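User: I am new to reading protein models. Can you take me through the features one at a time?

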Amino acid sequence: MEKNAEFHIKRVKNRLEKGHSVLHQLGNVTTYDIENVEPDMEQTTLPPPLPDDRFYVATDERDPDALRIFSEAGGVFLTELLEMEEIRAFGWPLMLTDVRALVEQSLLAHSAYFYGSQSSSFAGRVANLRAARGADRRTALLD
C-alpha cells in the first residue's frame, strides 16, 4: 500500500494506534448487519492490547529487509507463533500458501483489532469471518 517497507509499517502502526483507541472506548458490541448473528461478548471481557505490544503481520512479502523492518517495528509472523509440534501436526500443507492463508485468516478473525487492505481478498475474508462470529464492526478497518 506504500512505496517502501518503512512507510508501510508506519501506516500500519498508525492504524493500530487508532484501533487501540477504538478498543478502549468499545462499550456495547455493535455487530455487522447480519441476520441471526449474536455479538461476541468476549471482546468486552478481555483487556485490549497494550500500546507497545507486538502485533501479528500476515503478509506475502518475501524481501528479507522488509521483513526485518516489520519485525523491528513490532511485527510477529506465523513462523514465530508455531511450535515444532504444531508444524509436525500440520505437516507439509502448512508450507502451501493457501493452507497457510486459512490458518492466518482464522487467527485474524479472532484478533482484538484487524487492519487490512480493502483491495485484498485475504482481508475481505477476514472481515467476513469477523462479521460471522459477531465481532464489533468498529474493530476492523479496511482501507
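**Reading the helix packing**

Analyst: Start where two helices touch: Ala-5, Glu-6, His-8 and Ile-9 in H1 meet Ala-66, Ile-69 and Phe-70 in H3. Contact means heavy atoms within 4.5 Å. Helices (H or I, at least four residues) and strands (E, at least two) are DSSP runs, numbered from the N terminus. By class, the contact of H1 with H3 has 5 nonpolar, 1 polar and 1 charged residues. Here Ala, Val, Leu, Ile, Met, Phe, Trp, Tyr, Cys and Pro count as nonpolar, Asp, Glu, Lys and Arg as charged, and the others, Gly among them, as polar.

Keep the source in mind. This is a predicted model, where local features need pLDDT of at least 70, side-chain atom pairs count only at pLDDT 80 or more, and totals for chains, interfaces and linings use all residues. Residues are numbered from 1 along each chain as its sequence is written, and side-chain values use heavy atoms, with hydrogens and water left out.

User: At what angle do H1 and H3 pack, and how far apart are their axes?

Analyst: The general idea comes first. Two packed helices are described by the angle between their axes and the distance between the axes. Axes are lines fitted to C-alpha atoms, for helices over the stretch in contact, and angles run from 0 to 180 degrees between N-to-C directions. In this model, H1 and H3 pack at about 30°, with axes 9 Å apart. H1 and H3 are therefore roughly parallel to each other. The cut-offs: under 35 degrees is roughly parallel, over 145 roughly antiparallel, 65 to 115 roughly perpendicular, and the rest oblique.

User: Is the crossing of H1 and H3 left-handed or right-handed?

Analyst: A crossing is left-handed if the near helix is turned anticlockwise from the far one by less than a right angle, and right-handed if clockwise. The crossing of H1 and H3 is right-handed.

User: How do the axes of H6 and H7 cross?

Analyst: Helix H6 covers residues 97–109 and helix H7 covers residues 121–132; their axes come within 9 Å and cross at roughly 45°. That makes H6 oblique to H7. H6 passes H7 in a right-handed crossing. On the H6 side, the contact is made by Ala-101, Glu-104, Gln-105, Leu-108 and Ala-109. On the H7 side are Ser-121, Phe-122, Arg-125, Val-126, Leu-129 and Arg-130. The residues of this contact divide into 6 nonpolar, 2 polar and 3 charged.

User: Which residues of the largest nonpolar core touch the most other members?

Analyst: In soluble globular proteins, nonpolar side chains tend to be buried together. A nonpolar core is a set of buried Ala, Val, Leu, Ile, Met, Phe, Trp, Tyr and Cys residues joined through side-chain atoms within 4.5 Å. Buried means under 20% relative accessible area, exposed over 50%, partly exposed in between (1.4 Å probe, protein chains only). The largest core here has 13 residues, and Ala-5, Ile-9, Val-12, Phe-55, Val-57 and Phe-70 touch the most other members. H1 and helix H3 (64–72) each supply at least two residues of this core. The largest share, 4 residues, comes from H1. Leaving out residues up to four places away in sequence, Phe-55 touches Ile-9, Val-12 and Leu-16, among others. A second, separate core of 9 residues includes Tyr-56, Leu-82, Val-126 and Ala-140.

User: Where is Tyr-56 placed?

Analyst: Tyr-56 sits in strand S1 (residues 55–56). Tyr-56 is buried, with a relative accessible area of 19%. Residues up to four places away aside, its contacts include Phe-77, Leu-81 and Leu-108.

User: Is Ser-71 buried or partly exposed?

Analyst: Ser-71 counts as partly exposed, at 29% relative accessibility. Ser-71 is found in helix H3. Beyond residues up to four places away in sequence, Ser-71 touches Arg-54 and Phe-77.

User: What is the phi of Asn-36?

Analyst: Most residues other than glycine have a negative phi, and most peptide bonds are trans. Asn-36 has a positive phi of about 65°, although it is not a glycine. Asn-36 lies in the loop between H1 and H2. Asn-36 is exposed, with a relative accessible area of 69%.

User: Is Asp-40 buried or exposed?

Analyst: Asp-40 counts as buried, at 16% relative accessibility. Asp-40 is in the loop between helix H1 (5–24) and helix H2 (42–45). Neighbours within four places aside, Asp-40 is in contact with Val-29, Arg-133, Gly-134 and Ala-135.
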